[in-house]
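Please examine the structure shown below.

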Amino acid sequence: MKILIIEDEKELAKSIARYLREESYIVEVAHSAHEAEEKILAFDYDCILLDISLPDGNGLKVLEALKKNKKEDGVIIITAKNSLEDRVAGLNLGADDYLAKPFHMPELIARIGAVIRRKKFGGSSRIEFNEIAIDLMAKTVFIGDKEIDLTRKEFDLLVFLTANKNRVVSKNAIAEHLSGDNAELLDKFDFIYSHMKNLKRKVQEAGGEDYIKTVYGLGYKFSV
Amino acid sequence: MRLLQVSLRSLMLYALLLVLVSIPVSFFFIERLLNADVDKSLGFRLDQFEQHLKLYESLADIETDLAVMDRLIVDIDILPADQITKRVFRTVERYDSLENENRPYREVSTGIIVQGKKYQLAIRESLLDNNKLVGTLVLVQALLAILLATGLLLLNRSLSRKLWKPFYNTLSQLKAFQVDKAVSINTEKSNIIEFDDLNETIQHLTERNRQIYLEQKEFIENASHELQTPLAVFQSKLDNLMQRASLTEDEAQEIIDLEEVVQKMSRLNKNLLLLSKIDNNQFTDIEMIDIAQTAKSLIQNLKPVAAVEGIAFRTSIQPLLIRANSTLIEVMLTNLFQNAVRHTTKNGTVIVETGEQYIRISNTGEPLTMDAGKMFKRFQKETKNEKSTGIGLAIVKKICDTNGYTVDYHYKDAMHVFTVTF
């Protein structure tokens with residue numbers, strides 16, 4: 001899977017690239033709109049991370065260039081400007097998602113996974129690991145051939161963890177993913193712990209293996 | 001008291017004093033002038049009388065003639081005297097049979113010698129009645145005083161209406177001036193140097209104030225934006241660090257602490273940006289919103305979070321339609337709800353009710369230790385909760401202010417009660 005990061009802040013681009021490479025993505029980086037346009041025309045990417053505010057022009061131009069050249073690359077806009085107008089403009093120009101800075105890397109990974117799934121596999125909504133099968137559309141989970149009944153939060157939690165399999169996901173990232181702005185109110189550990197406990201119990205009761213490991217002090221890891 | 005009234009009062013006082021003082025002074029001088037004139041004519045008559053007397057001194061019966069003259073002529077007395085006196089002028093009162101009263105006369109008297117005999121000669125002329133003189137003077141002066149007072153009053157009224165109009169115009173505009181509103185001060189030319197000068201200075205001053213305000217606002221907005229990228233760098237590096245297998249428990253804790261700081265800074269940034277956007281009137285899309293609907297869905301999202309602390313929601317919500325910007329309403333309600341949850345004691349209750357044009361959010365909790373008046377100010381925190389940014393209620397207040405709603409707080413029956421009236 002090839003990913004292009006278009007981001008003028010070099011440290012950020014470097015840091016994202018490093019995280020993505022460990023997810024075994026092939027990553028390229030462009031620091032300006034000009035550089036980005038050259039790369040876009042020359043290669044196909046599975047997903048493009050696009051910062052809107054670039055030194056040599058609005059990143060939305062890159063989106064227009066993609067559209068003009070009938071490119072099918074998935075695009076996630078990452079921006080410091082979390083304004084509704086920018087979001088609408090970006091999505092109207094064909095961006096697939098929109099992520100405001102700062103963001104947790106597991107969140108970005110989950111979003112990239114969703115975009116690629118949509119683009120690459122014709123919107124296939126099934127994720128499978130060993131005995132676990134998740135249907136994203138129907139929101140159902142099977143352990144082997146046995147369906148388990150999860151709450152909305154437990155389902156989201158499972159999908160989020162599987163998207164970040166074999167990586168440590170902090171409890172902050174999980175809390176924010178599950179409850180957005182309300183995350184700041186909670187004692188994250190208590191909140192996540194109860195959902196996590198139920199999820200693990202339900203999977204194990206259906207005969208599934210316990211893939212979710214607690215990483216002490218930090219969060220959790222879905223180890224396959 | 002108005003400026004013109006103050007100046008008028010001193011002017012009037014001075015004018016009236018002058019008029020009053022002028023009555024005795026002019027009386028004194030007019031009297032002296034009249035006396036001098038009468039004295040001159042009396043002296044002249046006396047001189048003539050003495051000359052004529054010398055011509056007839058040789059007549060044998062002059063003595064009898066003088067006696068007759070004394071009797072017949074009212075204005076002249078000639079009486080034998082013991083000694084010769086010098087010429088003396090004085091004012092005397094004499095009975096006037098015609099007017100039937102005492103009247104003032106001016107009299108000159110002198111001693112003369114006729115055929116070796118001493119006589120006292122006095123010649124008189126009637127004076128204008130003093131009382132009448134004073135009366136007329138007082139009347140004239142009083143009339144003057146009345147004309148002066150009414151004239152000044154009328155002039156003052158038309159002056160304060162005409163002359164001060166540009167001043168009051170500027171003043172009312174200054175009173176209405178708000179640095180965050182795009183209404184500038186528009187003064188008209190008054191043709192009075194001081195006022196035009198004042199207006200120009202005020203215009204300059206307010207324009208400059210607004211400029212500084214706008215720059216500051218823009219600065220906050222830019223600074224908030226610019227900070228998000230470094231925070232993103234920070235967060236992504238933390239995420240990378242977390243993946244290290246060799247992390248000790250202590251190191252892991254430090255990473256999580258840092259991550260929480262990043263999140264707090266990011267929230268603070270977003271809230272500052274939001275305040276600045278509300279100030280900039282960037283939320284202009286107005287639509288019909290059912291407050292009840294919005295509140296219900298927000299509460300639905302909050303319930304699981306609140307449940308962790310054993311906090312229960314009780315609602316009594318009827319449809320409440322208002323025309324407003326949906327984002328702002330959502331932000332306002334979210335902040336109020338989050339504030340309530342944050343300050344509710346463990347296993348406490350949050351009550352949300354709607355009524356005729358209002359929504360009320362109450363939560364169980366300890367009484368405030370801070371001044372309730374400071375509650376809606378930025379960065380005034382009651383809670384020890386380190387996750388709170390201290391801006392939530394300031395945003396609520398700002399949204400209410402810009403949309404003409406009111407937000408009230410009171411503490412009753414161990415509950416904090418916030419009411420927003422639309």
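Angles under 35 degrees count as roughly parallel, over 145 as roughly antiparallel, 65 to 115 as roughly perpendicular and the rest as oblique. This is a predicted model, in which local features need pLDDT of at least 70, side-chain atom pairs need pLDDT 80 or more, and totals for chains, interfaces and linings use all residues. Residues are numbered from 1 along each chain as written, while chains are lettered from A and ligands numbered from 1 in written order.

Q: How are helix 6 of chain B and helix 9 of chain B oriented to each other?
A: Helices are DSSP runs (H or I, at least four residues), numbered from the N terminus. The axes, lines fitted to C-alpha atoms over the stretch in contact, are 10 Å apart at an angle of about 10°, on a scale from 0 to 180 degrees between N-to-C directions. The two helices are therefore roughly parallel.

Q: Which residues of helix 9 of chain B make the contact with helix 6 of chain B?
A: Residues are in contact if their C-beta atoms, placed from the backbone, lie within 7 Å. Helix 6 of chain B contributes B:N271, B:L274, B:L275 and B:I278. From helix 9 of chain B come B:A394, B:I395, B:K398, B:I399 and B:T402.

Q: Which helix supplies the largest share of the side of chain B that touches chain A?
A: The contact takes 34 residues from chain A and 37 residues from chain B. In chain B, helices 5 (193-242), 6 (249-279), 7 (291-307) and 8 (326-342) each supply at least two residues. The largest share, 13 residues, belongs to helix 5 of chain B.

Key:
Contact = placed C-beta atoms within 7 Å.
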